[in-house]
Structures are given as structure tokens and as C-alpha cells.
Amino acid sequence: MANENENIKIVKDATCTFCGCVCDDMELHVDLDEKRITKAKNACVLGRAWFAEHTIEDAPAAMIDGKEVTIEEAIEEAAQTLVKAKFPITYGLSDTTSEAQREAVAITDYIKGNIDTTTSVCHGPSGLAFQGVGESTSTLGEVKNRADLVIYWGGNPAESHPRHFGRYAVTPKGMFTPNGKKDRTVVLVDVRKTKSAGVADILIRPKPGKDFEILWALRALVKGNKLSANEGEWFWGVNIEEETGVSLETLTDLAERMKNCRFGVLFFGMGLTMTRGRHFNSGALLALATDLNKYTHFVAKPVRGHGNVTGADNVVAWQTGYPFGVNFSRGYPRFNPGEFTTVDTLSNGDADAALIIASDPGSNFPKKAIDHLKNIPVITLDTKSTVTSKLSHVAFKTATYGINTGGTVYRMDDVSITLRPAFESPFPDDETILKKIKKRVHELTLKKIHPGGASGEAKVAAVNPL
Amino acid sequence: MVDKMMLIPGRSSKQGTSLNQGKLKDEYQKITSTLEMNKDDMAKRDLVDGDKVRMWNEIGETIVSCVGKKPEDLSAGLLFIPYGPPSSQLMASDTAGTGMPLSKHMMVEIEKVK
């Protein structure tokens, strides 16, 4: 779909990979001489910055301890580092293609390491809740076409996912919502009055940390149970409004709206997963959505942050059986959040080498985890310099997915989308680098297992000793 | 005054646009070092927009600038900051068996930096 016009190329139906909305209706105007995107039609404020700021920087493609080296030298050093480590960890993966994610899983398998993604510090608790409670789910297309009650809980999409309202859930006209916003009731539940409040018909502001209590009370109200014998009180005689900041009247009204809508959706964000209760909060919301299917059609969707964090969950799950926090040290995958998740492997001092792909834990992790990261050899692949790349032993500068490279990403509703790159980068992409590391790591691990170059039955016996 | 307050790190539009420029650039550093605070709480502490405050808890400390928000937008006792390196300084590493540190609702104390 690219049209050549002198030095300006127009790429239609390109995809923005900045956030989990993964809007695939971009029209990019690319200055091929300058190697930059000059206009991104249909992009939101975040998308415009994403396309405008990802230009070709004058920087080394590979560095070891801050000194420029060839890519081959960096790959050799990265592979040697990972193979020598006793507890190597792989982390990040939410801002790269699913093709690259697959290579990262293979590397971790070969080195008997630990693989985790940014999901663990995002909707990881929701991932636990999915396993415990289940998920009544849908695509965003179904939401657009059918939803007449849209509830955002613990998030601020106006600032984090600006097109979520306009493209998927609030204003678009759908098959059974021909009048767009007029056909929908929008509810926002948040402790702050954010910019998202502008679209809300009903704004509910609970006290911080009371989401679980409110969700559980809603479950009771939906089922027609009284919260207490005394009006306005809760099970143990506590006034519900004093406890949660939300009146019984408001909750009763919301429960009735939920039961009586045609198609309801609960979008939920970090306000549930990053606060006390974590997976219990997400689990309560998922259980509420499930309960509501006795009365109407109701779904729940986590609003995902990074462009391909949903792909990371999918790829790691179909490669290992688990979505994040997976350890291969015994030669087979084991899942244990709290032990094999990256904040834990770093804070507890377990990890002795790290392969970080398209992520910056050195900036956003707890202090104790960052302190440990500074004391172990780190290998990074990133499009820009970050705190993590600065502290790295080996640092690769890579091409930007969706702008310089094609591939596959998953939208927040698990719909896979093929990328249309805009212009070439002199830097290799993540998949290319990871494939080379994988090849070398495989050679080194085979050498470790068969130092004498054993063959045939001897190889099998060495791998599977009786 | 050293009353405990509740810090909520989160995303903002400006944080999102500035991180595309680069996390090591001045703009990102400035945005992730700007603390939003209820105007009444600021007045009680003799703070005006742009003042530096020291914010700390049992994990660590950081120094940021503060800016006032209307009380109807940000309740008394709450603080908001676009998440980044300063807020990470205050985050505990315990994940309670989930992998997720408590990244919001951190109890902190603040004082004006004179």
C-alpha cells in the first residue's frame, strides 16, 4: 500500500505499537531522505510522539562496557555470559515482535534460565486471576458494535490509551450502537478525578484500596442479596459509605444498570493490580463479570500498556504453557510468580546475568532490584539509550518494531496484527540479534554437555543420564 | 509537618510523549520529578507551585518539585506522580508471592526543601 512520490513515501494502514490499543489505521508520511516520519494521520498524542521521535540516531550498534564493538563481538560476549551464568534471566519483551519473543524463549530454554515479561509488573496479578476465576472475554470489535454499558475501573485511558474511547468503546458507531456515545452509558471508577472523567456519565470515586470491598458488595447486590439487615450497613455493622467512600445507593444503581444492560464491559487497569489485594482485586472483578452472565452478556478486559505485552503473554504461554514467570533450570518449564518473576529474582539476589529486551527495569523497578541489576552482567536490546542500557555489560541498539521492521503484534484483546514498516534502519532488529545469540548459545551449551564431541548414543546418554 | 500521605505513581500524557524522546532526556526527567498535590495540603505546608520537597519512606527518598491540583480532582492526603526513577526509589521489593511490587498507594512523608 506504499505510494512513491519523490522522496516522500506514504504508508497506509500502518500500525502504532506504542500502547496496547495497537491502532492499525495510521497513514504515515515518510521522508526517505531524512529517514523520519513527518506526519502520522489518525495517531493520538502518544502515537504522534512515537512516530516523530523514532528517527535514526547516530550511535554504535553494539557496545561492551560502553566501548563500541562489532555486532559479532557483542553476540559472542552475550552468548558466553549467558551460558556461564548459573541463574540467567530473560526479561522485558513487551515492545518487540512476537517473532523476537519466540527467539527469547528458545534462548532461555537452551541456557536453562528464567523468562519473565513486563506483564509481571503490569497485569501479572490479572494473569493469576484468569487462572483462578476464568475470563468472560470479547474482542474490542464486539465492544464497539454491541456494548451499551462501558465501565472503566482503576485506569485513566484519556492519558494512557487516548484512542480507546474514540476507536473502540465510547464514541464509535457500531452495528447495534448506531448512535455512538448516545447509545452507551459510561462509568468511570477511580480514586482521582482524571482527564478520563470527561467521558463518564457516572463517576465513582472510592477511597484508595477499597476496590475489592466494592466489587464484592456489587456481587452481592447483583445476586439480590442484602448487604446487611440495617440499611446502609455492611456485614459487620460498618457503614459502607464510610468504609469505601461509595454509598449503597450508588452501588445499587450500578448493580441494576449492570444487570439490565444489553452488553456490558468492564475494562480494568493498574488501579486494581498494583494496589493491595492485587490478584484478589482482578479476581473479584472477573467473578463479577461472570456472575452477570446469568442476567445479560457481560465481559471483562484488562487494558494493556505496551504495544505487544499481550503478544508476550501469548508467545510465552504457547511456548512454555505459562504466560510469565517461567523457569527452565530443571530442563522443563515451571511457573511460580513471586519466585520466578523478575522483581523477585533480582531483589532476592538469585539472578547472576540478565538478558533485557526492549525494557527499562533499571528505571522503573524497586530500588533493591535495581541495586542487584547493577551488580550482575546485563545484556540489553533497545532502540534508545535507557538507564538499563547505560549499566549494561553488552548493549545492542536495535531497529524499532512497526516503524523499521515488520512482524506480528497482539492487540490488548488478543487479536494479532501484522506490521507495515515505514523505512529501513541501519540497526538490526531484535529478532535478528536474538537468532544469532540463540545459535551461538546452542553451540556453547552443546559443547558444555559434550566437551569431547560425543555423537549418537553417547550424546543421548549425556543428555538423559540413567 | 510530617503527616503520612499516600503516593500514587501512574501514567500521564506528558510522560508518554517525553519517554519517546528518550528517558535520559531532560523533559522525561522533569516530568517524572513533578509531584501533584492537593492545593489545601500544599497551603498547610507553606508550599507553592515549583517548590522542592523531600519525599521519603522506609525504602528510600527522593527530591521532586510539587504542583497544586484542585481539591475536587485530588483528594486531601493523596499525591500523584508520573512514574519513573524518582518513584522507584520509594517502592518496596516485596511482591507477596505475585511478582508485583506495591507500585501504587505507597505511604510517604514529605517536607519542604529549604
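In the predicted model, helix α2(A) and helix α18(A) cross in a right-handed manner. The two elements span residues 71-84 and residues 430-449 of chain A, respectively, and they pack with their axes 9 Å apart and at an angle of about 45°, a value that makes α2(A) oblique to α18(A), because angles under 35 degrees would count as roughly parallel and those from 65 to 115 as roughly perpendicular. On the side of α2(A), the contact is formed by Ile75(A), Glu76(A), Ala78(A), Ala79(A), Gln80(A), Leu82(A) and Val83(A), while α18(A) contributes Lys436(A), Ile437(A), Arg440(A), Val441(A), Leu444(A), Thr445(A) and Lys448(A). Sorted by class, the residues that take part in this contact between α2(A) and α18(A) comprise eight nonpolar, two polar and four charged ones.

As to the chain that holds this helix pair, the secondary structure of chain A amounts to 19 helices and 20 strands. The radius of gyration of chain A is 24 Å, close to the 23 Å that the globule rule gives for 466 residues, and chain A is therefore as compact as a globular protein of that length. Taken along the principal axes, the box filled by the C-alpha atoms of chain A has dimensions of roughly 80 × 65 × 40 Å.

With regard to burial, 55% of the 466 residues of chain A count as buried.

Key:
Residues are numbered from 1 along each chain as its sequence is written. Chains are lettered from A and ligands numbered from 1 in the order in which they are written. This is a predicted model: local features need pLDDT of at least 70, side-chain atom pairs count only at pLDDT 80 or more; totals for chains, interfaces and linings use all residues. Helices (H or I, at least four residues) and strands (E, at least two) are DSSP runs, numbered from the N terminus. The radius of gyration is taken over C-alpha atoms; the globule rule is 2.2 Å times the number of residues to the power 0.38. A residue is buried if 20 or more other C-beta atoms lie within 10 Å of its own, exposed if 12 or fewer, and partly exposed in between; C-beta atoms are placed from the backbone. Axes are lines fitted to C-alpha atoms, for helices over the stretch in contact, and angles run from 0 to 180 degrees between N-to-C directions. Angles under 35 degrees count as roughly parallel, over 145 as roughly antiparallel, 65 to 115 as roughly perpendicular and the rest as oblique. A crossing is left-handed if the near helix is turned anticlockwise from the far one by less than a right angle, and right-handed if clockwise. Two residues are in contact if their C-beta atoms, placed from the backbone, lie within 7 Å. Ala, Val, Leu, Ile, Met, Phe, Trp, Tyr, Cys and Pro count as nonpolar, Asp, Glu, Lys and Arg as charged, and the others, Gly among them, as polar.
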